[in-house]
Amino acid sequence: VPHGTTILQAAKSVGIKIPHLCYHKNLPISGACRVCMVEVEGARTLIASCAYPVTEGMKVWTNTERVIHARRFVLELLLSDHPYDCMTCEKTGDCKLQNYAYQYGVRDIRFAGEKHSYKVENGNPFIIRDYNKCILCGRCIRMCSDVIGVDAIDFSNRGFGTKVSTPFNVDLTESTCILCGNCVNVCPVGALREKQAESMGRIWEFAKVNTVCPYCGCGCVLELNIKDNRIVKVLSPLESPANSGNLCIKGKFCYEFVHSPERLTKPLIRQG
């Protein structure tokens, strides 16, 4: 593999799956979630595979009993302060935390204690923020800061009180946020959701159709999620050459004109 390739990237290139929550191919590496831990020969502790580069002759074990125990332990800690509303959660079927809990058989949580009870924030027309489900992976922050360059959100407070917020905890519409929705795209759980898609269906019910955004000449690729012949939400493939899966507010949220009754559906001639 090329110099600088991480263990996680190298494993993925040969079809070996390593679970991860904070890693995203379009974002800077943070090594925050610790779900991707692996064993490396000669290392005393487990290694975060998303942040550790490979070297010639390195021997790595990705699925030992020690590794599985550590991953299950991390998942238990995350779930100890997480709502158990998977049956009604909009992210069901597309939630990494839920999928890994299923994969590693995490059923009973040993860690009882205080749980957060944040008010769900839906004061703007596009994005719902439910930080009771936030796992502090930092994906949204890195997207906003390092990719979009807006810096509208960051971690606030410390310890158990840590949360993602805008400066002074104002609503997104009162911050520097441009409501592009790219933070929603990279959220691995249900902490950030699209308001227009609430209660519109599950991920497996959607047909996916790729098209090109009509708003400007950049040529961003849109992945339309369609149910009952209506657009429910818009995503973008990560391999899109023009936009690498990122969209602006128009491409992401402004699609309702497609279903407007005022659209022309047949050729017309203006009389007089």
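Select helices H2 and H3 together and look down onto the place where they meet: in this predicted model, the crossing of H2 and H3 is left-handed. With H2 taken as residues 65–79 and H3 as residues 96–103, the two axes come within 10 Å and cross at roughly 130°. That angle makes H2 oblique to H3, since oblique is the class left for angles that are neither roughly parallel, nor roughly antiparallel (over 145 degrees), nor roughly perpendicular (65 to 115).

Now show the side chains at this crossing. From H2, select Leu75, Leu78 and Leu79, and from H3 select Leu97, Tyr100 and Ala101, which are the residues through which the two helices meet. The contact of H2 with H3 divides into six nonpolar residues, with no polar and no charged ones.

Keep H2 in view and hide H3 for a moment. H2 has 15 residues and reaches 21 Å from its first C-alpha to its last, close to the 21 Å expected at 1.5 Å a residue. Next, colour the buried residues of H2, which are Val67, Ala70, Arg71, Val74, Leu75, Glu76, Leu78 and Leu79. Bring back the surroundings, and these buried residues of H2 can be seen to pack against strand S1 (37–40), strand S3 (60–61) and H3.

From S3, step to Lys59, whose place is in the loop between strand S2 (47–48) and S3. Lys59 is partly exposed, with a relative accessible area of 46%. Leaving aside residues up to four places away in sequence, Lys59 touches Glu39, Val40 and Glu41.

The last two stops concern the backbone. Select Leu136, in the loop between strand S4 (127–129) and helix H4 (139–147), where phi is positive at about 60° although Leu136 is not a glycine. Leu136 is partly exposed, with a relative accessible area of 32%.

Then move to Leu179, in the loop between strand S6 (163–165) and helix H5 (182–186). Here too the residue is other than glycine and phi is positive, with a value near 55°. Is Leu179 buried or exposed? At 11% relative accessibility, Leu179 counts as buried, because the cut-off for that class is under 20% relative accessible area.

Methods:
Residues numbered from 1 in each chain as written. Predicted model: local features only at pLDDT ≥ 70, side-chain atom pairs only at ≥ 80, totals over all residues. Heavy atoms only, no water. Axes fitted to C-alpha atoms, helices over the stretch in contact; angles between N-to-C directions. Helix = DSSP H or I, 4+ residues; strand = E, 2+ residues; numbered from the N terminus. Parallel < 35°, antiparallel > 145°, perpendicular 65-115°, else oblique. Left-handed = near helix turned anticlockwise from the far one by under 90°. Contact = heavy atoms within 4.5 Å. Nonpolar A, V, L, I, M, F, W, Y, C, P; charged D, E, K, R; others polar. Expected span 1.5 Å × (residues − 1). Buried < 20%, exposed > 50% of the residue type's maximum accessible area, 1.4 Å probe, protein only.
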